[in-house]
Protein chains: 2
Amino acid sequence: MTQQVIYCNDVDATLNSIIEGGSYNRVAVLVDSNTRQLALPLLPCLSNAHIIETTPGDDNKNLNALTHVWQELERCGATRNSLLVILGGGMATDLGGFAAATFKRGIHFINVPTTLLGAVDASVGGKTGINFNGLKNEIGCFAPATAVIVSTIFFPTLAEQELKSGYAEMVKHAMLHSHESFEQLLSFDFQDIDYDLLLKLLQESLLVKQDIVKKDPTEQGIRKALNLGHTVGHAFESKTLADGKPVPHGYAVAWGLVVESVLSHIMLNFPSSDLYALARFVKDNYGAFHITCDHYDQILDLMHHDKKSRGGEINCTLLKKCGTPTINNTINEDDLKAALDIYRDLMGI
Amino acid sequence: MTQQVIYCNDVDATLNSIIEGGSYNRVAVLVDSNTRQLALPLLPCLSNAHIIETTPGDDNKNLNALTHVWQELERCGATRNSLLVILGGGMATDLGGFAAATFKRGIHFINVPTTLLGAVDASVGGKTGINFNGLKNEIGCFAPATAVIVSTIFFPTLAEQELKSGYAEMVKHAMLHSHESFEQLLSFDFQDIDYDLLLKLLQESLLVKQDIVKKDPTEQGIRKALNLGHTVGHAFESKTLADGKPVPHGYAVAWGLVVESVLSHIMLNFPSSDLYALARFVKDNYGAFHITCDHYDQILDLMHHDKKSRGGEINCTLLKKCGTPTINNTINEDDLKAALDIYRDLMGI
């Protein structure tokens with residue numbers, strides 16, 4: 001699974017040269033109503049592309065939207081030699097990638113992520129899919145984009161919350177990579193954003209991810225390291241959905257990283273100084289996810305239903321230290337409850 | 001893309017040993033109403049499997065059936081470590097393979113083809129999919145089965161027409177392989193079927209296919225050789241569908257092989273003796289597909305809409321001689337019409 005990832009802010013020229021080089025007989029572009037208005041005008045090379053519009057929001061990443069993309073590809077006369085450009089966040093690249101990977105058993109697609117979360121989490125790595133039956137990413141496949149064009153030109157129009165949501169995944173990659181990366185990321189200034197620095201950090205972050213994905217494209221082993229923060233994070237995210245108060249994915253990941261760092265400290269001696277630094281950064285930038293001990297059983301239950309749990313056991317990636325992940329740790333309920341206690345202390349709730 | 005293909009008539013023991021070896025936490029089996037009644041009772045190892053039933057017939061290989069399989073996998077608690085056994089013809093293995101390949105981004109599946117056509121055409125090679133928007137196999141992906149168990153134990157309950165339909169694909173493989181294979185296949189006695197000989201011929205036939213698929217799993221080049229007979233065959237099949245008188249797939253392929261052998265003779269000097277022998281065998285066993293010159297334009301039009309046509313040109317695999325295919329031959333309309341004339345002569349219509 002090889003995938004060309006290009007880091008640049010000259011997106012239109014770059015995309016144009018890939019399209020020209022591919023000799024595609026049709027080009028379609030998948031947008032949502034936001035990216036159609038804010039991002040598409042920045043890419044004049046797509047002025048003749050067939051526009052396929054989807055409704056933004058993860059709850060629209062469903063079978064209806066998928067069928068719509070397939071039908072529109074059909075309608076514009078797309079063949080095996082056609083191209084789908086996907087211009088949007090993770091919802092669009094997940095949906096569009098799956099549609100392209102299954103249309104006539106697979107056509108080329110190019111991801112142009114327009115959000116930081118989309119860039120860091122969804123656009124690279126070949127995971128595509130839709131939600132089904134109330135379960136996230138339940139249906140999908142592994143299919144690499146022909147190319148991914150990563151830039152920061154679309155980010156100035158993002159809400160601060162959206163930017164921070166993506167940044168949490170970058171913190172995760174830094175923790176998987178090295179102590180140096182981890183410290184560098186915690187010093188980023190969200191009050192005065194340096195987009196050139198952000199593109200550089202984003203590139204380093206994606207190289208960490210690509211390196212892991214390359215070793216294990218279908219998540220049989222080491223790719224599970226990328227689930228750091230997500231076992232607890234997904235449970236938190238599901239709880240907020242169940243409570244009717246959904247939070248951005250990256251916020252749940254940020255809180256999940258804190259809890260799983262506590263677990264790493266308890267089980268694998270992860271340094272307490274790093275744990276404190278992470279907790280402070282998360283509290284300052286993401287606030288705290290408020291839980292009481294009355295919620296522990298619900299959270300445990302949600303973790304048991306995770307796609308990655310095996311045979312009723314809760315399975316989790318943890319860290320010995322930054323740069324040294326270990327996969328397939330079985331978490332017992334007492335340790336988890338203790339970790340949630342400490343998380344609440346660290347967050348001051 | 002590796003795929004274990006097992007040729008044996010001890011299907012229950014073989015399947016059982018694969019299931020035991022896989023340590024699957026759930027086993028589901030996809031059947032249709034026919035194979036549930038006729039084939040499933042021959043496999044006691046599946047007595048505890050969750051049964052997913054679909055409606056037979058290629059027109060049921062659609063999004064509704066796919067959704068049903070996904071929902072049933074969900075309902076029986078299937079996870080990434082579960083297995084789907086597919087017991088049926090090409091409709092079931094196409095549908096079930098696609099459902100399994102996309103459920104939680106891919107679970108293991110085992111094909112147990114119950115028809116000769118399913119065994120030779122659909123169970124091996126990794127093509128999965130469904131019909132969509134009135135187009136055959138429009139949505140799907142390349143995903144190899146974990147194992148394919150090829151046997152003849154289910155064939156005695158097949159209608160003669162079903163057996164012959166599959167046999168046409170074997171003739172195609174023989175023509176791609178060697179003159180010797182071709183002659184051997186033409187001498188098979190359908191009046192007194194030797195099932196042991198048939199299993200041996202089937203194995204040889206699938207080895208030809210596997211050899212080609214291995215070289216080119218996603219059909220960029222030489223795998224197109226397997227389309228021999230299908231460019232014209234699909235057009236004939238579509239015509240019978242449009243006329244409301246559908247024929248078995250293999251019958252259309254048999255007639256397509258004759259027309260494309262004529263084209264091979266006109267364009268590449270394919271030996272006339274082999275052309276005559278093939279035409280006689282097809283006429284004797286499959287009858288003739290009746291067309292007049294008034295139908296030529298309709299057939300040409302259908303060929304232009306083939307998934308494999310590029311830029312408006314009709315693209316076809318032809319043979320210099322048995323064992324020497326050439327892919328990507330562009331067919332002009334005059335040659336095609338001449339070939340259809342000769343086909344009608346050979347068939348005596």
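**View 1. Glu219(A) and its salt-bridge partner Lys127(A).** With a relative accessible area of 5%, Glu219(A) is buried, where buried means under 20% relative accessible area, exposed over 50% and partly exposed in between, using a 1.4 Å probe and protein chains only. Its partner in a salt bridge is Lys127(A), the closest N and O atoms being 2.9 Å apart; a salt bridge is a side-chain nitrogen of Lys or Arg within 4 Å of a carboxyl oxygen of Asp or Glu. Because Lys127(A) lies in strand β6 (residues 127-132) and Glu219(A) in the loop between α8 and α9 (230-242) of chain A, the pair ties together parts that are 92 residues apart in sequence. Helices (H or I, at least four residues) and strands (E, at least two) are DSSP runs, numbered from the N terminus. Lys127(A) is partly exposed, at 22%.

This is a predicted model, in which local features need pLDDT of at least 70 and side-chain atom pairs count only at pLDDT 80 or more, whereas totals for chains, interfaces and linings use all residues. Residues are numbered from 1 along each chain as its sequence is written, chains are lettered from A and ligands numbered from 1 in the order in which they are written, and side-chain values use heavy atoms, with hydrogens and water left out.

**View 2. Asp243(B) and Lys239(B).** These two residues form a salt bridge whose closest N and O atoms are 2.8 Å apart. Asp243(B) is partly exposed, with a relative accessible area of 40%, whereas Lys239(B) counts as buried at 4%. In chain A, salt bridges that share partners join Asp58(A), Lys61(A), Asp94(A), Lys136(A) and Glu237(A) into one network.

**View 3. The rotation axis relating chains A and B.** A rotation of 180°, with 0.0 Å of shift along its axis, superposes chain A on chain B with an RMSD of 0.0 Å, so the two copies are related as by a two-fold rotation axis. The superposition is by least squares on the C-alpha atoms of residues with pLDDT of at least 70 in both copies. Of the residues of chain A, Cys141(A) comes closest to this axis, its C-alpha lying at 4.5 Å.
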